[in-house]
Amino acid sequence: MASKYDNSGFGTRAIHAGQDPDPTTGAVIPPLSLSTTFKQSAAGVHKGFDYSRSGNPTRVNFETAVASLEKGKHGVAFSSGSSVTATILSMVGAGSHVLSVNDVYGGTYRYFTKVAPVNGIETSFIDLKEASSIKDALKPNTKLVWIESPTNPTLRLADIKAIAEYTHAHGALLVVDNTFMSPYFQNPLLLGADIVVHSVTKYINGHSDVVMGVAVTNSDEIHEKLTFLQNSLGAVPSAFDCYLARRGIMTLEVRMQRHEQNALAVAQFLQTHPKVTEVIYPGLESHPQHELAKTQQKGFGGMVSFRMEGTLDNVNKFLGDLHIITLAESLGGVESLIEVPAVMTHASLSPEQRAALGITDTLVRVSIGIENQNDLIQDLDNALKSAY
């Protein structure tokens, strides 16, 4: 899925990769291909498409664009981020071991602990604040290492390059969930990852109206396995969703710039608030891995987590008096969203597991949108005042 724009700047690739004008009509935006099947000139002879589960022009357009933005060779799109996880785990086979960062998205944790074992796959969870910790956790049958950086929701970083070296020395594959950073701020393939995954639902689409996932790789062998499973398992996105997500990508660069500007301003404001006990944002010098963030990322993203004084009752009073920021799960849209991981996105973890990860009842996660910066800060300030 190489694109002639692969050596162009990010914004140029976001607009043009896979998005050539229609050769028949000259339409600048290629038409949306809703057809489920395609005419063949002879039995088994076609123009690259025969059935839309196996391949669709609009989906290829999207896959080409994401691969280009991630500096990868192949993109493979799926109906959700969770179906990406399930498909990749289907590659490793029964009797395999997966090693995952412990502070992982709740849905990924749920799959690793509730579904994968039924298929004969064991998963261990490890704190990867120090990359060398991975050495003692690898097992003879470890086939896959799965990390997020930053993690969800405590925004811990993993040294992707170092972990890739340990993983490859063991003969395993490294998967990096890059959802929080987007391809604009981080490209894990350049740091040694074998597969990069995204919940397209989040920053890539960016408008909270599509549920999708994608995997990107430079390996022809991995790509062949993923496309076989994509077709066999059938968890493919609709052409219309691919069209919307491809449309969203066009503004990814400018959106991520605004997300980051707003997030830094909000984080700096929260640091000064007397009712906020901790602000977690990799762009702050107070973040313990700020220097690592500067090394492997091109920016710091739009996600901010913070801890409030008091109890969940104070948090709910605070949430109830927000007028611009919306209480809702998910992230990465143009609108600001806020949630309490302990009782929302990470409720599937046990209380003991949440405590070990620092996911307390007063930990709040905010996906900072692209609204007016002063309005966001005023909304938070007013709500914090009413919470006590």
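Mentor: The model is predicted, so local features need pLDDT of at least 70 and side-chain atom pairs count only at pLDDT 80 or more, whereas totals for chains, interfaces and linings use all residues. Residues are numbered from 1 along each chain as its sequence is written, and side-chain values use heavy atoms, with hydrogens and water left out.

Lys202 sits in the loop that runs between S6 and strand S7 (213-217); strands (E, at least two residues) and helices (H or I, at least four) are DSSP runs numbered from the N terminus. With a relative accessibility of 15%, Lys202 counts as buried, a term that means under 20% relative accessible area (1.4 Å probe, protein chains only). Leaving aside residues up to four places away in sequence, Lys202 touches Thr179, Ser330, Leu331 and Gly332, a contact being heavy atoms within 4.5 Å. UniProt, in an unreviewed entry, lists Lys202 for "modified residue: N6-(pyridoxal phosphate)lysine"; such annotations may be inferred rather than shown by experiment.

Lys202 also belongs to the largest pocket, where Lys202, Ser82, Tyr105, Gly107 and Ser199 are the residues nearest the centre, out of 32 in the lining. A pocket is an open set of points on a 1 Å grid where a 1.4 Å probe fits, with protein on both sides within 12 Å along at least five of seven lines, and lining residues have an atom within 4 Å of a point. The volume of the largest pocket is about 560 Å³, which is the space filled by probe spheres set on the points. Helix H3 (81-92), helix H4 (106-115), strand S4 (142-148) and strand S6 (195-199) each contribute at least two residues to the lining of the largest pocket. That lining comprises 14 polar, 12 nonpolar and 6 charged residues; Asp, Glu, Lys and Arg count as charged, Ala, Val, Leu, Ile, Met, Phe, Trp, Tyr, Cys and Pro as nonpolar, and the others as polar.

The second largest pocket holds about 400 Å³ of space. Its lining has 20 residues, and Gly18, Asp20, Pro30, Pro57 and Asn61 are the closest to its centre. Helix H2 (57-69) and helix H9 (239-249) each supply at least two residues of the lining of the second largest pocket, and H2 gives the most, with 5 residues. By class, the lining of the second largest pocket has 10 nonpolar, 6 polar and 4 charged residues.

Note on methods: Buried means under 20% relative accessible area, exposed over 50%, partly exposed in between (1.4 Å probe, protein chains only).
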